Amino acid sequence: MGGCARAPEAPARIAILPGNILVEDASSNWMAAAVQVVLQADLATSQAIVPVLANDDSGAYQAAAKSVVRATVTQRDGRISLNTAITDNGTQQNQRVIDLKGASSSGILPLLNELAKQIDNRAASFSTKSNRALEAYVNGASTTVPQQRLAALADAIHIDPSFGLAYLALADADAQSAPQALPALLQAAAGHTAQFTPLDRARFNAYLARYSHAPLAKQEAAFRAVLQVAPNESDALVTAGSLSFLRGNAADGTRYLQRALELNPGNVSVRKALADGLFETRRFAEAEKLLVGMDNNQAVLPELAVCVLLEGDAARANTIAERLFASIANPDAKTLVHAAWLEFSGQSQKAVELLSSAKFAQPAAQSFAYGELSVWQMIANDFAGAKQWASKAQQLDPRPGSAGSIVAMLAKANEPADMWKQEIESSFIASNEQLKTAVLGYGFFLGAHYSEAAQVWNAALQQSGDSDLRARAMLAASLSREGKADQAKQIKVEPFVPEFGDLYAAISFLEITRYLGIGVR
């Protein structure tokens, strides 16, 4: 009698505790962290295990680990021993005991690689064969001092120029502390990728695809390649899923992110990424269910309110928005967010009444409010009214880069396109490419210079690797207004949550609701 095929078992979470180091030389204490670093990296290629790090038994329970790895390193008389107990996290009974020995001159690394393979025969070998490079890497990964981290990771690469994991860690550190050094580092790493481990090579290619803003399909393929080697790598699953959603592939996006949730039950950031993707692909009711489970977090309320609004339930959306307002302690910020919501939700007259009558404690906030009013007048094609509000905004806060100074330039966007562009490029705006793109893109659009607007937004979209949803919406809107409906339809426009503190947010949000036929006005 035939039976149904059994579904594969979910991989078991195994917690790795810091090693217990019984070595006379105190300089060998780095090996405690090395136990975790090496085992986590080696076991990343396992299909049956998800390695997680925990500082102690309590951390192992919090990580919902099924098993716990406890290793003791002993070194004496020219020999090094690695004695490991793998215990059941529920019963605390030993499942396995593994004892490994080697020459002290060979170091701890070969023993850790062998331990990983005894835990799971699909385990890889660590990214370097050099104990000195491993020590430098562990020291860099363990410190919270940026310059010490950079120096130690650079030392690890100097010792072993084919140490792929060290390049990736240093790239992350450089991106935070020394972004100017990143291009040279990536170029140097690219010269050694043939010597990287398969997983490090796949990770590096994925990193490079993201860094270079490669087309979304190429980025997604790069992260799928990582998952071919390390099928349970959560970061790769989340990124691949998010990229699938950006490409409009809700089925793959859901599959990747639900897999990440299975491996990380209760992980709020993974749950949020899935909600974001469902939102982007217009599966608003499903996105709402996920967001409701996180709505004790103030940061989720804007997306939840917008999600319900785009579902078509304005009354319930307004109720959620009221919770958002109540959570904001600063009166100036509360008023600005309230007004933005009124504008986003189609209550334009109430938004104007609120901002035009409000009294703000801070001049910068009052200036921003006038700036918002100016932008809203431009949306309504009232440039005379927009200039009046812009003048008030600039008088209150004339600093270059302030809302007042920006909106004063924006309010001239109905002038001849070449003349206005020249004025922008000779102003303080020209030195900031991101600001320049926003002012020119939105300004050309508001001033009905749709061909010029389309050029700006197309360049911005290409620069982002097709990931900038606002640029997609504005490019499609510009092409459509220019009379190029066929070209506009080729743009994969997806919904997004407007930034409540963005001066231009109402422009792009209104256009996306119009373009997708999700009317809120």
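Biologist: Which residues of H9 are buried?

Modeller: This is a predicted model: local features need pLDDT of at least 70, side-chain atom pairs count only at pLDDT 80 or more, and totals for chains, interfaces and linings use all residues. Residues are numbered from 1 along each chain as its sequence is written, and side-chain values use heavy atoms, with hydrogens and water left out. Buried means under 20% relative accessible area, exposed over 50%, partly exposed in between (1.4 Å probe, protein chains only). By that cut-off the buried residues of H9 are Leu216, Gln219, Glu220, Ala222, Phe223, Val226 and Leu227.

Biologist: Within what arc do the buried residues of H9 fall, seen down its axis?

Modeller: The arc is taken from the directions from the helix axis to the C-beta atoms. On the other side of H9, Lys218 and Gln228 are exposed. The buried residues line one face of H9, because they fall within an arc of 155°.

Biologist: Is the pair of tyrosine 442 and tyrosine 504 stacked or tilted, and why?

Modeller: Rings of Phe, Tyr and Trp (its six-membered ring) pair if their centres lie within 6.5 Å; planes under 30 degrees apart count as stacked, over 60 as edge-to-face and the rest as tilted. Tyrosine 442 is buried at 4% relative accessibility, and tyrosine 504 is buried at 8%. Their ring centres are 4.8 Å apart and their planes at 15°, so the pair is stacked.

Notes
Helices (H or I, at least four residues) and strands (E, at least two) are DSSP runs, numbered from the N terminus.
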